Amino acid sequence: MKLVLGVPRPPLTVFFQRNRIPITTANSISSSSMDPEKRVVVCGGGVIGVCTAYFLSKKGAAVTLVEMSDVACAASGKAGGFLALDWCDGGPMEPLARASFNLHRSLSEELDGPRSYGYRPLTTLSLSVSESVRNNPSGATSTLPSWVNGPVSGARTIGSLDTTAQVHPQLFTRTLIDRAVEKHGVKVVIGKLERLEVEEGGGVGSVVLDGGRSLDADAVVLALGPWSCKVEVLSSLFRVYGVKAHSIVLEPREANSITPHALFLSYNSFDPEVYPRPTGEVYVCGMSKEEEVPNDPQEIRGNPESIEMLKTVARTVSSHLGEGVARVKAEQACFLPCTEDGVPIIGEVPGIKGCYVATGHSCWGILNAPATGAAVADLILHGSSTILDLKRFSPARFLRRRKA
């Protein structure tokens with residue numbers, strides 16, 4: 001029995017990531033090269049797939065990560081990287097967010113996060129921007145840093161050094177896959193995912209790549225983000241849709257003047273966000289709406305009017321971020337994977353033993369990736385997760401709703 005996943009992909013292409021990851025193509029790897037431990041194929045090279053591969057391999061599984069383009073090429077490379085301990089409290093994601101925030105701290109100690117991917121605690125502020133407000137006098141107040149010198153008001157602290165932090169998402173994802181490859185033997189395959197082979201008993205047997213090469217697997221993880229909607233075995237069970245989010249990356253001339261304060265703004269009819277990074281960059285994001293997800297992440301382009309609005313926000317909030325004093329390093333967009341009920345989908349796919357899914361994390365993918373990866377690794381290797389109760393996140397919840 002064969003399940004065709006129906007994921008349109010570009011021709012097989014090899015990219016080299018940070019020169020340290022041994023990349024292999026679909027035609028140069030075979031399942032016979034894997035170790036005799038439990039063989040797991042993780043499909044998707046974003047932060048969710050990479051964290052899953054990392055924890056699986058660390059726990060002794062023989063892991064192959066399959067990615068169609070490049071590790072962290074989509075939202076995991078273009079997100080803000082903001083982390084919050086308690087912003088999901090009171091909802092179903094509370095235990096996931098808290099466990100993951102603490103795992104980020106542990107991973108930072110293990111992987112030298114401050115140096116390797118810009119992990120740092122930071123203060124987070126909420127404020128309104130209105131051109132009718134008089135500019136702030138120069139010099140910091142007890143709440144507002146001096147570089148925020150535009151027409152703002154109502155500044156208040158909504159996150160402390162104990163409750164909010166950040167990472168550079170692309171560097172975080174690639175640092176993790178580097179370590180998984182070098183220390184735990186993960187293989188990275190750049191190739192086209194064609195289909196799953198499901199055995200007569202209903203269990204996963206292998207992953208078939210473009211050209212017919214088969215990777216035998218005891219378990220398969222589908223961590224495909226918004227591209228989950230293009231996989232028939234998943235789209236027939238639940239809906240995952242993409243929200244297109246825009247961002248720009250600025251390089252201020254006086255980077256040392258920008259203190260580690262994340263800004264959550266109210267500006268006209270939308271809510272942009274500003275994240276200074278320890279790399280000297282400043283990330284500004286906003287202007288999001290649901291759109292059709294393209295087949296290839298390399299095809300994603302930002303809408304010009306949305307990019308211009310973010311530039312306006314930046315120069316309005318701070319004279320340090322205006323054109324002429326800050327270089328525009330990137331103008332970009334990515335798709336966030338969202339679910340019908342706003343809750344991530346994590347667990348075994350009903351009806352296919354050994355097939356697992358991890359998607360639908362919306363804007364909290366970077367935050368919640370470590371706990372998601374650790375929980376999925378436990379589920380595959382031990383039958384249940386000790387770090388997190390996954391019942392609330394199970395894809396089986398959609399079956400129960402249909403029956404009801």
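This is a predicted model: local features need pLDDT of at least 70, side-chain atom pairs count only at pLDDT 80 or more; totals for chains, interfaces and linings use all residues.
1. The chain has a mean pLDDT of 89, and 88% of its residues reach 70 or more.

2. Take some care with residues 1-35, though: pLDDT stays under 50 there. For that stretch the model has 95 contacts beyond four places in sequence.

3. Now for the rings. How many aromatic pairs does a search of the whole structure find? The count is 12. One of them joins tyrosine 267 and phenylalanine 270, with 6.1 Å centre to centre and 85° between the planes. That pair is edge-to-face, because planes over 60 degrees apart get that label.

4. Are the two partners buried or exposed? Tyrosine 267 has a relative accessible area of 4%, so it is buried. Phenylalanine 270 comes out at 13%, and it is buried as well. The cut-off to remember is that buried means under 20% relative accessible area.

5. Next, have a look at tyrosine 275 and tyrosine 283. Their rings sit 6.0 Å apart, centre to centre, with 10° between the planes. This pair is stacked, because its planes are under 30 degrees apart. Tyrosine 275 is buried, at 4% relative accessible area, and tyrosine 283 also counts as buried, with 4% relative accessibility.

Note on methods: Residues are numbered from 1 along each chain as its sequence is written. Side-chain values use heavy atoms; hydrogens and water are left out. Rings of Phe, Tyr and Trp (its six-membered ring) pair if their centres lie within 6.5 Å; planes under 30 degrees apart count as stacked, over 60 as edge-to-face and the rest as tilted. Buried means under 20% relative accessible area, exposed over 50%, partly exposed in between (1.4 Å probe, protein chains only). pLDDT is the predictor's confidence in each residue, from 0 to 100. Contact means heavy atoms within 4.5 Å.
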